[in-house]
Amino acid sequence: MIVITAPTGNIGRPLLSRLLESAPAAGEELRVIVRDPARLPDAARGRVDVVTGSHGDAEVLDRAFEGADAVFWLVPPDSSLTPQDAYSGFTRPAVRALAAHGVGHVVGVSALGRGTPLADRAGLVTASLAMDDLIAGTGVAYRALANPSFFENLLEESESIRDRGVFTDSVDADRKAPLVAVADIAAVAAGLLLDRSWTGTGSVPVLGPQDVSPNDLARIMTAQLGRPVRYVREPLDELRTTLVGYGLNEAFVQGIVDMKRAKDQGLDAGVARTPDTASPTSFEQWCARTLKPAVLS
């Protein structure tokens, strides 16, 4: 039995799709924890056990982890909380439930940066790494998917790209860093959940096929979209003011700012890309398949 949290999210949805294809042949049953079962894909109906509720709820977890062999764990960050409460606070009921039900393996969504000089001052990333330590402390076999930023973050700027030909971030325009497609993260997660021969704790970097800078992204988007696209760097003070104005928790906002600053200082550059850490989807491919339809629709 594999339990999938956040099965309707950016990573959970392609993960569920992959497991629906491959889990039956491997003799695995699937269970999902979901707030709104109506959001599950049609292909999942009647083929997965559904536990309705939040995976931050101890009673929901008690039902979901009964008889479970493996869990895919993803925390949906709550910007109304402090980073510590949003990650470790949310995860503490799961830690108790993992121990109570003797779950053997957990695959979690985390971040790059562990072991770097920036790890303890990287805001949301620091909170995510602390969550990993909390889960690892239960004694389960744990693999943290150590991810850089996602291509999919650019979907939030599709309107700006369409109307003004502009996308923004807070890093230097020539700062090259790994970026990854969420489908590639889901593929790695599926492999780990289905082949549980691994033991102990560790990180599994998912780095994409190459490092790219904002200027690289602008160039590729310009070519793929057939219209000029340029990058505008947003000062961190402006970002902080904007996010606080949206009503986000000020400590959470500071966590975002600290994460952005650490990324601009090379937080994501601490792991070498190898055949084991690279993932296949290029930004050109993702742009053509996903961003272009969103921008031009």
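Mentor: A polar contact is a pair of N or O atoms within 3.5 Å; within protein, one atom must be able to donate a hydrogen and the other to accept it, and residues adjacent in sequence count only if both atoms are side-chain atoms. The model is predicted, so local features need pLDDT of at least 70 and side-chain atom pairs pLDDT 80 or more, whereas totals for chains, interfaces and linings use all residues. Residues are numbered from 1 along each chain as its sequence is written, and side-chain values use heavy atoms, with hydrogens and water left out.

Trainee: Which side chain does a polar contact of 2.9 Å join to that of D184?

Mentor: The partner is T281, whose side chain meets that of D184 at 2.9 Å. D184 belongs to helix α6 (residues 182–194). Helices (H or I, at least four residues) and strands (E, at least two) are DSSP runs, numbered from the N terminus. Beyond its neighbours within four places in sequence, D184 contacts V206, S279, P280 and T281.

Trainee: Where is the nearest side chain of opposite charge to D184?

Mentor: Lys and Arg count as positive and Asp and Glu as negative, while His and the chain ends are not counted. A salt bridge requires a side-chain nitrogen of Lys or Arg within 4 Å of a carboxyl oxygen of Asp or Glu. Buried denotes under 20% relative accessible area, exposed over 50%, and partly exposed the range in between (1.4 Å probe, protein chains only). D184 is buried and has no salt bridge; R18, the nearest side chain of opposite charge, is 6.0 Å away.

Trainee: How many salt bridges does the structure hold?

Mentor: Side chains of opposite charge can pair when their charged atoms come close. The structure holds 16 salt bridges. One of them joins D42 and R45 at 3.4 Å, N to O; D42 is exposed at 63% relative accessible area, and R45 is partly exposed at 42%.

Trainee: Which helix holds both D216 and R219?

Mentor: An α-helix has 3.6 residues a turn, so residues three or four places apart point the same way. D216 and R219 lie in helix α7, three residues apart, about one turn of the helix, and their side chains form a salt bridge of 3.6 Å, N to O. D216 is buried at 12% relative accessibility, whereas R219 is exposed at 51%.

Trainee: What parts of the chain does the pair of D264 and R233 link?

Mentor: The salt bridge between D264 and R233 has an N to O distance of 2.8 Å. This pair links distant parts of the chain, helix α9 (residues 250–264) for D264 and strand β12 (residues 230–233) for R233, 31 residues apart. D264 is buried at 18%, and R233 is partly exposed at 42%. Elsewhere, salt bridges that share partners join R114, D132 and D133 into one network.

Trainee: In what order do the three strands form the open sheet?

Mentor: Two strands pair if DSSP finds at least two bridges between them. The order is β7-β9-β11, with mixed pairing. β7 (149–150) and β11 (211–212) are at the edges with a single partner strand each, so one side of each lacks a neighbour in the sheet. β7 pairs with strand β9 (residues 177–180) in the parallel sense over two bridges, and V180 in β9 is the bridge partner of F150.

Notes: Contact = heavy atoms within 4.5 Å.
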